[in-house]
Amino acid sequence: MKPLSRKKRLTYLISFTLFFVASVPALIFYANGYEFSDLGLIKTGGIYITTPSSGTHVYINNKFYDESSMFQKTFFIKNLRPNTYTISTKQEGHQSWTKMIAVTEKQVSTAYPFMLPLKPIHTLITPFVDISGTPTTTRSSLYKTNEEYTYALSIFAEQIATSTTIKILRQTNASTTSIQINGKFFSTQNKVSIWIADDKVHAYWNGQLDSAPSYFCTKTICVREFIIATELKQITALGFLPGRDDVILLSTKQKIYAIELDRRMPQNSQLIYSGTIVDFRINERGNIYVRDSKKIFFMEI
Amino acid sequence: MDYQNSPYFHVSRASDLTGKDRLVYRLYEIIPGFLSWGTLIFIILMSAYSPRSAAYFIIAFNLYWLLKTVYLSIHLRHNWRRIQYNISLDWRDMLKNIKHDHLLHMVILPYYNESAEIVERSVRTLLDAHTDPKKIIVVLAAEERAGKKALLIGESVIEKYGTYFAHTILTCHPDGMRGEIAGKGSNISYAAEHARIRILDKHNIKYQDVVVSAFDIDTVVYPDYFNCLTWHFFTTPDPLSVSFQPVPVYNNNIWEAPALSRVVAISGTFWQMIQQERPEKLATFSSHAVSFQTLHRIGYWQRNVVSEDSRIFWNLFVASNGHHSVVPLSYPVSMDANVASTFTQTVKNIYKQHRRWGWGVENVPYLLFSFQKNRAIPRLKAFRLAFAQTEGFWSLATNPLIIFLLGWLPLALGGHEFNTTILSYNLPIVASSLMLLAMVGLVFSSIISLTLLPKMPVGFKKRHRVYMVTQWLLVPFTMSIFSAIPGLDAQTRLLLGKYMGFWVTPKHYRNKN
């Protein structure tokens with residue numbers, strides 16, 4: 001039995017080479033978002049959605065697209081013609097989220113929905129516990145002070161800073177510059193800083209401007225600072241939603257809201273607590289403590 | 001030009017030369033490593049400074065890889081069918097009408113510190129071949145530096161089996177001979193010369209009537225190896241201008257070897273099978289055969305190089321002004337897969353063995369230099385071979401790394417602007433889709449590997465057969481860690497002038513009671 005003939009090998013080689021030469025441009029066009037349509041070759045864009053949990057239903061222009069699962073929580077929707085699309089996410093027992101996202105050619109717009117529970121669980125932290133450790137509000141010789149209550153009191157007692165210095169990275173080089181900010185409830189997460197000044201909520205990007213999150217940018221222009229548009233007044237507390245640098249928690253006298261920093265319309269805000277005289281704090285471990293009048297709760301979102 | 005008598009013929013490294021020649025040879029030594037590192041660094045820089053171009057390159061490269069895989073699979077499949085066919089042939093019947101009784105086979109078995117069991121096995125299995133052992137000359141080539149024990153082993157084996165063969169001798173290669181490096185090449189050259197004096201000349205045996213099979217000590221012949229070799233010898237137009245290359249399979253201990261070792265070993269077999277279908281690109285590797293007269297004409301294997309198995313081909317090629325080639329036998333010889341006493345040691349040994357094989361890159365400067373000096377070699381042939389060899393080593397060291405590791409670099413280094421483009425999102429999808437298609441070929445590989453396996457030994461469970469299939473999932477890992485990186489390691493050493501010595505692959509033989 002003879003080896004493969006040279007002629008046959010050459011035929012294969014030439015065929016594969018021709019296929020390669022023809023396919024590479026086609027692949028590159030495809031990867032760049034080009035698509036064939038009735039109008040000829042058109043440039044498309046995409047939307048990349050990161051859902052917070054499995055079981056989230058994703059809709060595009062009110063049409064069901066897909067549902068996230070344990071193995072797939074992100075969706076890359078490609079071959080979208082330049083236009084504005086309404087992306088909605090829904091999940092049973094959770095508040096829904098909607099955003100209008102503009103798609104431009106050869107670019108991918110991102111979306112990070114947040115959907116908090118319709119009824120977040122909040123657990124009362126009692127001042128005392130009995131000998132078995134069961135919480136109680138009654139003092140007696142058989143009971144002792146609840147350490148968690150003591151801890152929660154202490155974090156509410158912490159001074160609220162009215163001015164601070166934050167460090168930023170200059171855009172053109174890697175040197176660090178410090179700037180003085182006057183305000184309160186300073187909080188920084190992943191180089192995003194927020195604070196309240198003159199009853200307005202400010203968001204500030206600490207890093208290189210060309211790597212700013214998308215919500216600091218509109219089309220190709222990125223800004224270092226913007227004011228979060230909200231009609232809420234008399235803000236009593238501010239902080240980042242644990243685990244997110246694009247959603248803040250904000251309390252007025254009687255309510256606590258989660259509001260996203262993403263300024264694309266609509267800017268989603270979700271009510272998570274309603275009470276009498278409301279305040280909250282978030283500790284370094286991401287635990288949320290809510291004070292309503294004299295009661296303190298541990299909130300799970 | 002009588003190139004074999006030139007001072008360049010047995011050059012092993014730049015320092016063997018002087019003046020401008022030394023400079024030129026050194027430059028040639030730098031080329032393979034420069035190309036490999038240059039490629040990898042270029043991709044890294046391109047990913048950082050022009051991520052779009054890097055993305056295009058990676059897409060094109062992945063497609064190239066897919067098509068190359070398919071193209072080589074065609075070769076693999078054809079050779080697999082040829083091997084199956086050749087194994088099934090009755091070679092004795094094939095030789096019926098060919099006058100071949102005058103042909104003798106000289107089997108040179110070099111050994112160092114291998115156990116008596118391994119040495120004896122190699123000799124004993126020669127008796128199982130379908131060839132009259134009285135047509136076989138056995139040369140056991142011991143090393144002086146292995147000590148008296150090695151000699152005793154050789155003597156004991158000869159005492160036990162020597163009378164079965166035409167002639168049997170034991171040689172002892174002296175240690176520290178000038179102009180040599182410790183290794184197989186110097187040992188078997190010494191042995192061949194002694195065989196010439198003590199057997200061929202003594203018994204008036206013509207050199208052209210002897211075919212030398214240079215084996216490793218763990219080489220076990222398949223039953224019709226010598227018949228197949230004899231047939232090819234007499235049907236080749238000019239048997240004194242060719243070398244003969246069997247297909248190395250690593251079946252001696254394949255069932256006992258860990259999965260990593262098996263995949264690496266069988267992958268090596270596959271590569272040789274592919275090369276057997278491209279004989280114009282084939283150089284000798286590991287166990288090979290060549291006429292004694294041809295060997296003697298050029299002074300046997302080069303004594304000062306590590307990769308003597310491939311260097312002998314290049315010596316013969318340049319000595320004959322480009323008129324020496326390799327005849328692929330498409331018939332297997334079996335050797336040991338890499339197995340050590342512990343898994344960690346096995347991993348280390350596999351790496352070192354592949355680095356030694358990767359050191360075959362030392363032939364690239366040799367052939368570039370020889371092609372430059374020996375103008376009698378046809379230019380187009382020289383260019384083609386130089387390109388094929390250089391490209392081969394470049395592919396070995398870079399392709400798996402580009403495919404499996406560097407494909408994601410534009411995303412990591414491309415910056416925010418690139419990462420918002422649809423190209424950055426599509427790149428991993430396109431690249432992984434092409435890779436997945438290429439990996440489909442693994443299914444085919446696993447089927448072929450099953451057919452090449454020896455019978456499962458008693459005591460092994462059925463699940464071991466399943467492992468023989470699932471082991472192919474290790475390929476992305478083995479290609480990078482045990483192929484590309486050792487290859488790059490070897491090329492880097494050559495680039496920096498840190499020449500490697502010979503490393504003997506330890507043979508670990510489990511007692512199969």
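Visitor: What joins S1(A) to S2(A) in this model?
Guide: A hairpin does, passing through 2 residues. Do keep in mind that the model is predicted.

Visitor: How do you know that strand S1 and strand S2 of chain A pair?
Guide: Pairing asks for at least two bridges between two strands. S1 (residues 34-37) and S2 (residues 40-43) of chain A are joined by 4 bridges, so they count as paired, and they run antiparallel. One of the contacts to look for is Ser37(A), whose bridge partner in S2(A) is Gly40(A).

Visitor: Why is Leu18(A) called exposed?
Guide: Exposed means over 50% relative accessible area. Leu18(A) has 58%, so the word applies. You will find Leu18(A) in helix H1 (residues 6-31) of chain A.

Visitor: Which residues make the nonpolar surface patch?
Guide: Leu10(A), Leu13(A), Ile14(A) and Leu18(A) make it, with an area of about 380 Å².

Visitor: What is the strand order in the open sheet of 3 strands?
Guide: The order is S6-S3-S9 in chain A, and the pairing is mixed.

Visitor: Why do S6 and S9 of chain A stand at the edges?
Guide: S6 (74-80) and S9 (108-111) each have a single partner strand, so one side of each has no neighbour in the sheet. On average, neighbouring strands here are turned by 15 degrees against each other, ignoring direction.

Key. Residues numbered from 1 in each chain as written. Chains lettered and ligands numbered in written order. Predicted model: local features only at pLDDT ≥ 70, side-chain atom pairs only at ≥ 80, totals over all residues. Heavy atoms only, no water. Patch = residues over 30% accessible without salt bridge, like charges linked within 9 Å, V, L, I, M, F, W, Y side chains within 5 Å. Areas by Shrake-Rupley, 256 points an atom, 1.4 Å probe, with all protein chains shown as cover. Salt bridge = Lys/Arg side-chain N within 4 Å of Asp/Glu carboxyl O. Buried < 20%, exposed > 50% of the residue type's maximum accessible area, 1.4 Å probe, protein only. Axes fitted to C-alpha atoms, helices over the stretch in contact; angles between N-to-C directions.
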